[in-house]
Amino acid sequence: NYSLYDNSLVLMMNLDNRSSLGENDTHTKDLSRYGNNGTVSVTKSVPNGKYGGAFEFNNVSGDINVNSASVFDNIWPVTFSAWIYPKSLGEGNRGRIFDKADTSNPNNGWMILLPTNFKIEFNVDYFTNNFIKRTSTTVNPTTWQHVVITWDGSTDVNNAHIYFNGAEQTYDTTSNAAGARQTDAAEDLRI
């Protein structure tokens, strides 16, 4: 029921594969007021998530594509939140948590990923220099963890924060953005 949330919530998926919501192995339901439902590709629903069910990705390919609704285009400030249970570093050793970009660099967008050693990286494409913030600490493989990323939308990397289980992490890679921000309007949001 989206009346529980204000208009700033643009995507809320429980990923439980609840048939009562119209979800199945190929369709996820957005519970925000925007109805940004997702299409599941090459993943499987499993019953043993942190709270109810979950989706398991095959570490080679696969995602939940939420398409490119205008409500997602170039949105900032923003907060991302997800329960993750990483078993590997994923496709190309750059396991996607969320992205709205056309490649793994990113180009024309942004991404939240596990690039090396189970660290979390938030990367936004700018023309001159990308905005990059990566934790020095790692998430624990094969353990459920709550990951949150907040960003005010500025070019100053100090205004982005990454949390594991409620605690802000330390960082080993930071890079302020320079130049104009690349638009992500043509890219799909993928989980």
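Is N74 buried, partly exposed or exposed? I looked this up before anything else. N74 counts as partly exposed because its relative accessibility is 32%. The cut-offs are under 20% relative accessible area for buried, over 50% for exposed, and partly exposed in between, with a 1.4 Å probe and protein chains only.

**Entry 1: the model**

I noted that this is a predicted model, in which local features need pLDDT of at least 70, side-chain atom pairs count only at pLDDT 80 or more, and totals for chains, interfaces and linings use all residues. Residues are numbered from 1 along each chain as its sequence is written, and side-chain values use heavy atoms, with hydrogens and water left out.

I checked the confidence next. The mean pLDDT (the predictor's confidence in each residue, from 0 to 100) of the protein chain is 87, and 93% of its residues reach 70 or more. Confidence is lowest in strand β3 (residues 43–46), with a mean of 73, and highest in strand β13 (residues 167–168), at 98.

**Entry 2: the whole chain**

I found zero helices and 14 strands in the protein chain. Helices (H or I, at least four residues) and strands (E, at least two) are DSSP runs, numbered from the N terminus.

The C-alpha trace spans about 45 × 35 × 30 Å along its principal axes. A compact globule with 191 residues would have a radius of gyration near 16 Å, and the protein chain agrees, at 16 Å. That radius is taken over C-alpha atoms, and the globule rule is 2.2 Å times the number of residues to the power 0.38.

Of the 191 residues, 43% count as buried. I also looked up contacts, meaning heavy atoms within 4.5 Å. Of the contacts with a separation of 6 or more, 57% are between residues 24 or more positions apart.

**Entry 3: the largest nonpolar core**

A nonpolar core is a set of buried Ala, Val, Leu, Ile, Met, Phe, Trp, Tyr and Cys residues joined through side-chain atoms within 4.5 Å. The largest one here has 38 residues, and F80, W110, I112, I120, F122, F131 and W151 touch the most other members. Two or more residues each come from β6 (78–84), β7 (95–100), β8 (110–114), β9 (121–124), β11 (145–151) and β12 (160–164). The largest share, four residues, is from β6.

I followed W151 further. Apart from neighbours within four places in sequence, W151 is in contact with W76, P77, V78, F122, V124, Y126, F131, N159 and A160.

**Entry 4: strand β10**

How many residues of strand β10 (residues 131–135) are buried? Five of the five are, so β10 is largely enclosed by the rest of the structure. In a regular strand the side chains alternate between the two faces of the sheet. In β10, F131, K133 and T135 lie on one side, I132 and R134 lie on the other, and all are buried.

I then looked at the partners of β10; two strands pair if DSSP finds at least two bridges between them. β9 and β10 run antiparallel with four bridges, and a hairpin of six residues joins them. F122 has K133 as its bridge partner in β10. β10 is also joined to strand β14 (residues 171–175) by four bridges, again antiparallel. There T135 stands opposite Y171.

**Entry 5: K119**

K119 sits in the loop between β8 and β9. Its relative accessibility is 15%, so K119 counts as buried. The side chains of K119 and D172 are joined by a polar contact of 2.5 Å. A polar contact is a pair of N or O atoms within 3.5 Å; within protein, one must be able to donate a hydrogen and the other to accept it, and residues adjacent in sequence count only if both atoms are side-chain atoms.

**Entry 6: a three-strand sheet**

I found an open antiparallel sheet of three strands in the order β1-β2-β5. β1 (27–28) and β5 (63–65) are at the edges with a single partner strand each, so one side of each lacks a neighbour in the sheet. Strand β2 (residues 38–41) pairs with β5 over three bridges, and S41 stands opposite D63.

**Entry 7: backbone exceptions**

Most residues other than glycine have a negative phi, and most peptide bonds are trans. N74, in the loop between β5 and β6, has a positive phi of about 50° although it is not a glycine. P77 lies in the loop between β5 and β6, and the peptide bond from W76 to P77 is cis, with omega near 5°. N17, in the segment before β1, has a positive phi of about 60°.
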